[in-house]
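User: Please take a close look at one part of this model, going slowly from a single side chain to what lies around it.

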Amino acid sequence: MSAGPAFDPAAPLTPSGNLRRRQAVSRAAELAATAAAVAAIAVLALIVYTVASRGAKAIDLDFIFTGYPTGVGPMLLGTLTISLVATAMAMPIGVLIALFLTEYAGSRAAGPLRLTLDLLNGLPSIILGLFVFALLVDHKQQSGFAGAVALAIIELPLIARGSQEVLLLVPKSLREASDALGVARWRSVLTVVLPTALGGIVTSTVLAVARAAGETAPLILASSVFDPKSFSVNPFESMPNVPVWIYKLSEEGNPEGFTEAWGMSLLLVSFILFASLGARALLARSKRKLSS
Amino acid sequence: MATTVSPAARVGRGARVSPLRRRLDRFADRALFGICLLAALIAAATIVLVGYQIVDGAAPAISKFGFAFVYETTWQPNFGTFGAGSVLFGTAITSSFALLLGAPIAIAIALFLTLLAPGKVRGVIGPLVELLAAIPSVILGFWGLLVLAPFVQSKIEPFLHGLFGFLPIFGAQQTTGLSVFTASLILTIMVIPIIASISRDLFTAVPPELQDGAAALGATRWEVVRGIVLPTTASGVVAACLLGLGRALGEAIAVSQVIGAGSEIQASLFEPGDTLASRIALQFPGALTELHKASLFYLGVMLLVIGLASNLVAQWIGRRFAYAGTVAK
């Protein structure tokens, strides 16, 4: 460096030598990063646009409220029932796990439990399908309930983690005030801590439902042989449901079936997008309210 | 409650609260703890039970084929011979392709979100990228089947074959576009949001003093990223990629819709193939024999082992990294 040209105080302050190259590299990297983000958004837009434009042609009142072949009412009803049953199982357990993590567990119990939740969250959904098949379907019959168990396992870690985050935000002062009044632990948990966190718990549950509602792999093994004409709310028999029906229609290769599948995809995607966007906004708001 | 104050009442809470109430409180406290503990145990038991049921379902195939099942490549349900070699190959190819293509894009998106995008753009694009993960796989697969596969077949395959045709992986184009290549592209779309959102959180946590220090020494933005941001988060990013890998390995539905269900090992990416997960989804509902079912369960065992392993390694790296991070602060 010292062997370079003498320092000239009058030289203009412009990039020269390798600085010009370095700045070019930097600018190219910025451009590439921006391009990557634009590409991801473009793919999302392309998928949503395709689903919306092709699905809109299929959807009318008959499509939503009547059975096969004019509509997909039974599938919608079945998916609704399965999701409700799954949530009825996953939500209480998930919230209790979150309570255990925030109220009772020391770091020794919390570590393994958190790892368990992470592992549950990482289980491939087809594995859960095999699991419920072996546990509930094999040598018996397919049922919406078996599917609901698989979906409950998918929802459980999401609900537990979401609720835990909100429970941690419940102000210490509230708990301390409750303790100072001599209120028993269980009473302050049920009447002070949980109600304060309720909004956040409900929205994380909605997020979990949105994630589980479109799961297909477990239902292929648990609830795939059904009559697309019959409206049924009995979870102990095989129930028609949206994801499996889309899957079947896509395998059949029949253009009318494709239109029907696009219509169902549009219904499912709009439910998921609205539920997750809405829940996310609400969650951010209730977190802000709790932490302020 | 009490209107008259006796001297005993000043002694403490015990004197004021009725014994019945106290006993009730103690009982309810224990009960609440008990149910919470029970819920936690249910979660742990679920993992164990899942493992047990899958291995139990695979038992006939495990005792018949032993470990050779893992690398044997013949899969002929009609003749009762099963081997996972070809689907293991398919899984390795599709997942590594998805990761090789998806990870750099996802990391670039995360860098864009943390370092380049102004606040408002970040608030819009961040959630949108995560929404990409919310699209159900069956719909992504359906889109892949009807929109992406024809495009791949008519445009991308001839282009790549023309350019790199001397490499065996870019073989001659096929008639349908249902191929390992298309499946890998779908998986790429699936892993990007996972890796991007975790990496973004990591990049946000990089101490600004370090970045400002580098910038003050004359580093360009890219040099700050190369020299500061990526090295301090490297292990976390690797963990994020492993989580993405776990997602790619286990995806059954979307892959089974676009991969074309081939049963041979082919050099060309444009040929149909199959993966562990997609083979289960495709063949299980129509499984011919108990042995066929058990073999599919065996694929499930392999998938479970690989999936849990990548997840555990990711957690381990993530935890080590978190530890290093707190020490550095």
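Analyst: Ile109(B), setting aside neighbours within four places in sequence, is in contact with Ala36(A), Ala37(A) and Ala40(A), and also with Val129(B) and Ala196(B) (contact means that C-beta atoms, placed from the backbone, lie within 7 Å). The model is predicted, so local features need pLDDT of at least 70 and side-chain atom pairs pLDDT 80 or more, whereas totals for chains, interfaces and linings use all residues. Residues are numbered from 1 along each chain as its sequence is written, and chains are lettered from A and ligands numbered from 1 in the order in which they are written.

Together with Ile195(B), Ile109(B) has the most contacts inside the largest nonpolar core, which has 183 residues (a core joins buried Ala, Val, Leu, Ile, Met, Phe, Trp, Tyr and Cys residues through C-beta atoms within 7 Å).

Turning to the contact between the chains, 68 residues come from chain A and 68 residues from chain B. On the side of chain A that touches chain B, helix H1 (residues 18–56) of chain A gives the most, with 18 residues (helices are DSSP runs of H or I, at least four residues, numbered from the N terminus).

Within chain B, Gly126(B) has its place in helix H4 (residues 119–134), and Gly126(B) is buried because 20 other C-beta atoms lie within 10 Å (buried means 20 or more, exposed 12 or fewer, and partly exposed in between). Beyond four places in sequence, Gly126(B) touches Leu113(B) and Arg200(B); the C-alpha atoms of Gly126(B) and Leu113(B) are separated by 6.9 Å, although these residues are 13 residues apart along the chain.

How values were computed
Helices (H or I, at least four residues) and strands (E, at least two) are DSSP runs, numbered from the N terminus. Two residues are in contact if their C-beta atoms, placed from the backbone, lie within 7 Å.
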